[in-house]
Amino acid sequence: MHQLHQADCERLLNYETMFVLLLIVAALTVSAQTNSVHNWTLKSGAVFPGDYFTSGAKMVVIKSHGTNCLLKISDLSTNDWLYFQDCKAAQRQRQLAAEAEAKQQIADEQQDMRDKVAGIYEFEERNGRTQVLDFRSDGSVVSYYYARSHVTQLYNKKTSPWTSSKNSISIAGVSSADAGLSFRPEGLDLIDEKGNRWFRIH
């Protein structure tokens, strides 16, 4: 009984091995078909093997065995002119998709920075007043200041846009001889371009 079970297992393993080999052969076949070099035919009948690389207004560049070959678009046969248009359109679509992905990545990074920085920060100036920046995750910042002797009285309150890059924050509209307008995060606080620390209070 044990020997029969072992034989069945061996047959099953053989079947699985054969199935895997068939899948590999099929994948290689598809890959070979996908990577096959196109034969570009001119109106004259001349044939140039190569893969589409890029093109200009009058020339198409194909790559064959690592070498670039230039063909006049006007010399292409009808079928290869249509093939060239398909290649050009497909390349453009890939470029647009890559650009859109890059823009989305930048937008995501900026939003991550906005979410990380969003909060209220204070900086005490030498003249006895405290500057306050209320960064919002929607890309706006409310700025104002108050004097130590009149904490409840807010002065020069305004809303401005703020922008961020990978590790930098810039705003407009904060008027102070002591404070800078560009910041970098450090822990929970912000350090402005003059080296002042803006303490996060909320």
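**Confidence, sheets and cores in the predicted model**

Over residues 1-13 pLDDT stays under 50, and the model shows 0 contacts beyond four places in sequence for this stretch. Within the protein chain, helix H1 (residues 2-34) has the lowest confidence, with a mean of 44, while strand E1 (residues 38-41) has the highest, at 95. Where pLDDT is low, predicted coordinates should not be read in detail. For the protein chain, the mean pLDDT is 80, with 76% of the residues reaching 70 or more.

We turn next to the sheet that begins with E1. Four strands make up an open, antiparallel sheet in the order E1-E2-E3-E4. Because E1 and E4 stand at the edges with a single partner strand each, one side of each is left without a neighbour in the sheet. From one strand to the next, the twist averages 60 degrees. Inside the sheet, strand E2 (residues 47-55) is joined to strand E3 (residues 59-64) by 4 bridges in the antiparallel sense. Asp51 has Lys63 of E3 as its bridge partner. Helix H2 packs on this sheet and touches E1, E2 and E3, its direction making about 30 degrees with that of E2.

Leu71 belongs to strand E4 (residues 67-72). With a relative accessible area of 5%, Leu71 counts as buried, because the cut-off for that class is under 20%. Beyond its neighbours within four places in sequence, Leu71 is in contact with Trp40, Leu42, Phe48, Lys58, Met59, Val60, Ile62 and Leu76. One of these contacts, Lys58, is 13 residues away from Leu71 along the chain, with a C-alpha separation of 8.6 Å. Trp81, by comparison, is located in helix H2 and is partly exposed, with a relative accessible area of 38%. Apart from neighbours within four places in sequence, Trp81 is in contact with Ile73 and Leu76.

E5 and E6 pair in the antiparallel sense over 6 bridges, and Glu124 stands opposite Thr130 in E6. The hairpin of E5 and E6 has 4 residues between the strands, and Gly128 takes a positive phi near 95 degrees there. On to the next pair: E6 and strand E7 (residues 140-147) are antiparallel over 7 bridges, with Ser143 in E7 as the bridge partner of Leu133. The hairpin of E6 and E7 also has 4 residues between its strands, and in it Gly139 takes a positive phi near 95 degrees. Since 6 of the 7 residues of E6 are buried, this strand is largely enclosed by the rest of the structure.

The largest nonpolar core holds 13 residues, of which Val117, Phe135 and Leu190 touch the most other members. Helix H2 (78-117) and strands E5 (119-124), E6 (129-135) and E9 (169-171) are the elements that give two or more residues to this core. Apart from this core lies another, of 10 residues, including Trp40, Tyr52, Val60 and Phe84. Leu190, not counting residues up to four places away in sequence, touches Val117, Tyr121, Phe135, Ile169, Phe183, Arg184, Pro185, Asn196, Arg197 and Trp198.

Technical notes. Residues numbered from 1 in each chain as written. Predicted model: local features only at pLDDT ≥ 70, side-chain atom pairs only at ≥ 80, totals over all residues. Heavy atoms only, no water. Core = buried A, V, L, I, M, F, W, Y, C linked by side-chain atoms within 4.5 Å. Buried < 20%, exposed > 50% of the residue type's maximum accessible area, 1.4 Å probe, protein only. Contact = heavy atoms within 4.5 Å. pLDDT = per-residue confidence, 0-100. Pairing = 2+ DSSP bridges. Axes fitted to C-alpha atoms, helices over the stretch in contact; angles between N-to-C directions.
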